[in-house]
Amino acid sequence: MKRILIGLIVAAVLAAGGWFGFNLYVRHRVTAEIEAAFEQVRSGGGKASHGKIGFDPPSRTLTIEDIDVEPGRPPLAGVKAASFKAVGVRQLDEAHIAADNVEIEGAELAIDGAAGAASMKLTYKIPRIALTGYSGLARMQGAPASDSTIDAYRFGLEQFAAMTAGSLSIPTITAAMTGITGGGTGDITYSGLTFRNIDHGKIETAKVERALVTINVQQPRPDKVTSGFSDATIDDFDANVVIAALNPEKTDDDSYRRVYRRISTAYDMTSTAGIGAKIGRILVEDIAYRPSKFRPAELLAVLPKDPSASQNPARMRELMEKLANIYEGARVGKVTLADLSMATPQGTGKLNAVTYSEGDFALEGLDAPAPQGQFKMERFALKSFSVTNLIRWAADLTKNAGRPPSPDQMLGLFGVLAGAEIKGVVAPFRNTKKLVTIDTVSLDWGQLVGSIPSKAHVVAKFVTPTDPSDPKQLPLIASGIDKLAIDLDLGAEWREASNSLALAPATLDIGGIARAQLGIMLGNVPREVFSTDPAQLMGQAARIEAGSLAFSLRDNGGVEAAATQYARSKNVSRDAARQALADNVRAHREDIAADNPEAGAAVDAIAGFIETPGQTLVIKLTPRAKAPLMQIMQLLQTDPGNALAQFKIEASTGL
């Protein structure tokens with residue numbers, strides 16, 4: 001029994017010694033691994049130190065105190081943490097570790113040259129960071145050898161893409177900014193940051209309850225601007241796409257890859273200068289990058305070191321081409337900004353929405369103060385608008401080196417967008433209490449031949465007060481017309497299959513005066529006529545043949561207004577005035593009919609149209625044979641009668 005007892009005691013002593021020996025070994029190994037990681041920073045030219053290291057084997061809890069790292073490479077100037085604690089630490093393999101929970105207390109992060117400004121500095125303070133279900137690299141790998149900001153960002157994202165975590169939460173982040181342009185300083189505060197399901201560079205959901213930025217500037221005048229985002233949510237973020245775009249070896253990736261599925265938030269801003277703004281809702285959907293084109297490193301490489309220095313045109317074109325590539329390499333499915341308002345000392349303007357989808361940009365429901373009164377607009381839209389084409393068009397203009405742009409360069413603007421539209425405008429008319437109202441103004445074009453559209457359509461419907469300061473409008477005012485209601489619809493299209501150009505029945509309706517329609521057809525219109533070369537244009541224009549022409553004019557009060565004005569000037573009755581005006585037309589009938597009897601019939605129709613208000617005058621011209629358009633145009637200037645003789649003329653009137 002005694003021997004058994006002694007044996008048990010010896011076994012217990014040996015076991016205890018083995019346990020403590022194992023603990024010492026584990027602590028030593030953990031400490032060695034941590035020292036190796038810190039030495040990796042020091043060997044790269046940085047500074048790295050820490051305080052007490054603790055490791056509890058039963059719970060596999062690792063603690064590190066007073067972490068202080070200065071990488072020695074911009075833009076990251078330093079990282080500090082009062083304490084680091086990881087529970088359930090384990091090594092998955094030689095390169096990866098995991099932990100059930102990680103907590104970092106009293107963290108600080110310093111960045112120099114933030115936002116590309118060499119003098120700007122940011123210092124972040126993060127009281128607490130907590131992760132659950134963490135796994136990642138045991139040591140940093142592939143640290144960049146250069147001082148490039150892009151390489152530093154890519155390196156940070158690569159480390160992030162090597163980790164997974166169930167969640168990451170940061171209650172608050174505060175940051176101080178110095179070196180802001182204009183001699184300013186600022187503060188940033190984030191609250192309620194949460195990240196869910198982090199998986200090798202992908203984040204299922206990220207949320208920020210509030211992000212507040214306060215900036216104090218001295219130039220051009222002292223001001224304090226406070227702006228913030230609320231309830232910001234990011235769904236389905238993929239850092240791997242950004243890494244590819246920042247990697248110079250990925251220039252062959254020509255596909256669009258989604259970075260964000262959706263970003264939503266709200267925004268507000270106030271200023272001590274009396275300016276404020278609010279956006280009730282911001283929603284951006286399906287943001288994708290095309291790594292072969294979205295190359296921010298290439299853009300930064302050509303940016304001038306001194307922004308104030310003048311750049312030669314070639315350098316500017318290179319810069320603008322890189323910028324155009326950035327826009328071409330980024331694609332956004334849809335953008336919606338809703339419930340916008342802007343407060344100024346002159347009043348508050350409101351906008352229901354700003355939207356962008358597949359190149360179509362629109363403003364909806366604008367109500368804003370103007371110097372003469374309130375300005376309202378239901379809708380303003382740009383159709384198929386391309387920022388990429390706009391930048392490249394502007395870059396092309398720099399080739400002129402001070403000379404005016406060529407016609408071909410100016411026509412290049414048609415490739416930037418395919419049309420524009422304005423609806424529902426109510427605006428003050430000059431300094432009067434009257435209003436201009438625009439129902440619709442729409443302009444569309446397309447079917448570019450080179451840089452020239454071969455299809456266009458214009459619609460305009462608006463009402464404007466008559467202007468007493470315009471001498472041309474005085475007869476209308478004298479006739480009691482105090483406003484003009486204009487309704488214009490004009491379309492033209494070149495049809496390559498038939499080599500014809502048609503002016504669709506163009507309609508001009510002036511309320512209370514008249515409604516006119518005009519249709520024109522031209523034949524043998526070659527593709528080569530769409531040229532900015534004057535010689536080629538004139539040479540090809542000689543081949544164009546005049547086609548049919550149809551014109552109609554409906555009197556809606558214009559004849560009576562003209563008769564009234566004539567009656568007042570001659571002090572006669574309106575009936576006598578109408579008859580006098582008709583007689584003035586008939587006075588030229590014999591001369592016109594001498595060359596073309598059909599033209600005489602047209603004169604009779606016009607005179608009858610004047611004699612009886614409220615009629616519709618219709619005139620049709622049909623070429624008797626092939627009639628070169630240029631020849632007809634010359635005859636109209638030198639011999640109008642002979643020009644009309646080339647056409648069969650039909651004229652009529654009717655109620």
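A: The following account takes up the aromatic pairs and then turns to a contact between helices.

The model is predicted. Across the whole structure, a search finds 5 aromatic pairs. One of them is formed by F229 and Y267, whose ring centres are 5.1 Å apart. F229 belongs to strand 11 (residues 223-238) and Y267 to strand 12 (residues 257-271). The two residues are 38 residues apart, and the pair thus links distant parts of the chain. F229 has a relative accessible area of 37% and is partly exposed. Y267, at 21% relative accessibility, also counts as partly exposed, as buried would require a value under 20%.

A second aromatic pair joins Y289 and F294. Here the centres are 3.9 Å apart with 10° between the planes, and the pair is stacked. Both Y289 and F294 are buried.

An aromatic ring also meets a charge: R331 lies over the face of Y256, 4.3 Å from the ring centre.

Elsewhere, helix 10 (residues 558-570) and helix 11 (residues 574-586) have axes that come within 8 Å and cross at roughly 105°. The two helices are therefore roughly perpendicular to each other. Helix 10 contributes V559, E560, A562, A563, T564, Y566 and A567 to the contact, while helix 11 contributes R574, A577, R578, A580, L581 and N584. By type, the residues of this contact comprise 8 nonpolar, 2 polar and 3 charged.

Notes. Residues are numbered from 1 along each chain as its sequence is written. This is a predicted model: local features need pLDDT of at least 70, side-chain atom pairs count only at pLDDT 80 or more; totals for chains, interfaces and linings use all residues. Side-chain values use heavy atoms; hydrogens and water are left out. Axes are lines fitted to C-alpha atoms, for helices over the stretch in contact, and angles run from 0 to 180 degrees between N-to-C directions. Helices (H or I, at least four residues) and strands (E, at least two) are DSSP runs, numbered from the N terminus. Angles under 35 degrees count as roughly parallel, over 145 as roughly antiparallel, 65 to 115 as roughly perpendicular and the rest as oblique. Contact means heavy atoms within 4.5 Å. Ala, Val, Leu, Ile, Met, Phe, Trp, Tyr, Cys and Pro count as nonpolar, Asp, Glu, Lys and Arg as charged, and the others, Gly among them, as polar. Rings of Phe, Tyr and Trp (its six-membered ring) pair if their centres lie within 6.5 Å; planes under 30 degrees apart count as stacked, over 60 as edge-to-face and the rest as tilted. Buried means under 20% relative accessible area, exposed over 50%, partly exposed in between (1.4 Å probe, protein chains only). A charge sits over a ring if NZ of Lys or CZ of Arg is within 6 Å of the ring centre and within 35 degrees of the ring normal.
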